[in-house]
Amino acid sequence: MRHVSHAPDPILQAEIGRYIVAWYRAGHRDLPWRRTTDPYRIWLSEAMCQQTRVETAIPYYERFLALFPTVADLAAADLDSVLAAWAGLGYYSRARNLHAAASEVVRRHAGVFPDTVEALMALPGIGRYTAGAVASIAFGRPAPIVDGNVRRVLCRLFALEGDPSRPPLDGILWEVAAALVPTDAPGDFNQGLMELGARTCAPRSPACGACPVAARCGALRLGRVAEIPSARARPPAREVERVGLAVRDASGALLMARRAPRGLLGGLWELPGGDLEAGEAPPEAAARLAEGSLALAGGALEARGRVEHRFTHLRMVLWVLEAPAARGVAPSPFGGYDALAFLGPPARGAVALSALALRSLHLLGEPDGHERARRTGPP
DNA sequence: AATTCGGGGAT
DNA sequence: ATCCCAGAATT
């Protein structure tokens, strides 16, 4: 039920804009990308922050810029090194698209970043949100943005009911955001909306007493702050079961496989393996892959344990089995892989390993393996 | 319009 | 355990 008028009157719009900008300028988090207007850096920060907490992204941002200081450096890098710098952040299509977009900026835009929403959205990985963020923050254009924070703030401010991440409310929010963004300070306004959502208008127990627009907040007036916005509907996580094979060369280096550069964990390296087929037990699947895909000579595989990993949309169980010897390993990739190589810990440090792969390495006692998440950011 | 993409921190 | 995070691409 959306009986509230969606377009606030112009006077109220201007008032809200001024309050948000003034509140933002009076004090905000000192984030590294707020010390620059370099569109490359703004773009990188926006890509890293997609579906990712700001605090998580910061160390990756610093390390990534140290490795690839300019868009030309990024375009010239190979995808393995870009993904290695991204490893642990998740949603790896962001890194693949970032790399592809850098090439386009260099090749098609002569290394100069496009400065309009339309041109920005033509680059891979840049959607409506990121285009608006770069256009407003780096170039001062009055483009609206709607992210998770803005959705929550605007839904509460105008008491909009429904699922804000889906039509029709999704479109309404873009209209409201476009009506609100001021022409004189679009970057500070947009960042102020996000800052407000992150620090004050929090999902649970918001600090309405510290909110600059609390006096205008429809949800607060109606006593429905806790109910607005409604939770996003999520399908139940599906179950996936895989086996991974530990195969060593004479030096003890593990055979690693690189997943094809699309889909789940695309471009990342892991223990070679595959999904269980219907009705198949882990040892059977491991034997099938060892003898068929890897052409390993006989010898029983030894179970080394299992690693369980939860993604947002799936729950994966990985059974790890070790081959006693590495005789007759096929050099050619199989299944969904596009490369195979024996990599010891030093070589693995130069490529991208998923959190799941790191946990499987930990299971094998490898020094670069991890039981849980790193707390200190990338290596 | 609905799914598919990671991973972790807060509650 | 559940929610959600400075979303975008694909189907």
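I began with helix α15 and looked up its buried residues: Leu-356, Ala-357, Leu-358, Ser-360 and Leu-361 are buried in α15. I note here that the model is predicted.

Next entry: what covers the buried residues of α15? I found that the cover includes strands β2 (254–259), β3 (269–270), β5 and β6, and also helix α14 (345–348).

I then checked how α15 is placed. Helix α15 spans residues 355–363 and lies across β5 and β6. Its direction makes an angle of about 150 degrees with β5. After α15 comes Gly-365, and I read a positive phi for this glycine, near 80 degrees.

In which order do its four strands run? I wrote down β4-β1-β6-β5, an open sheet with mixed pairing. The edges are β4 (273–275) and β5 (302–310), each of which pairs on one side only. From one strand to the next, I get an average twist of 20 degrees.

I looked up one strand pair in detail. Residues 238–246 form β1 and residues 314–322 form β6; the two pair in the parallel sense over nine bridges. For Arg-238, I find Leu-314 of β6 as the bridge partner.

Helix α13 (residues 282–293) lies across β1, β4 and β6. I recorded an angle of about 50 degrees between α13 and β1.

Technical notes: Residues numbered from 1 in each chain as written. Chains lettered and ligands numbered in written order. Predicted model: local features only at pLDDT ≥ 70, side-chain atom pairs only at ≥ 80, totals over all residues. Heavy atoms only, no water. Pairing = 2+ DSSP bridges. Axes fitted to C-alpha atoms, helices over the stretch in contact; angles between N-to-C directions. Contact = heavy atoms within 4.5 Å. Buried < 20%, exposed > 50% of the residue type's maximum accessible area, 1.4 Å probe, protein only.
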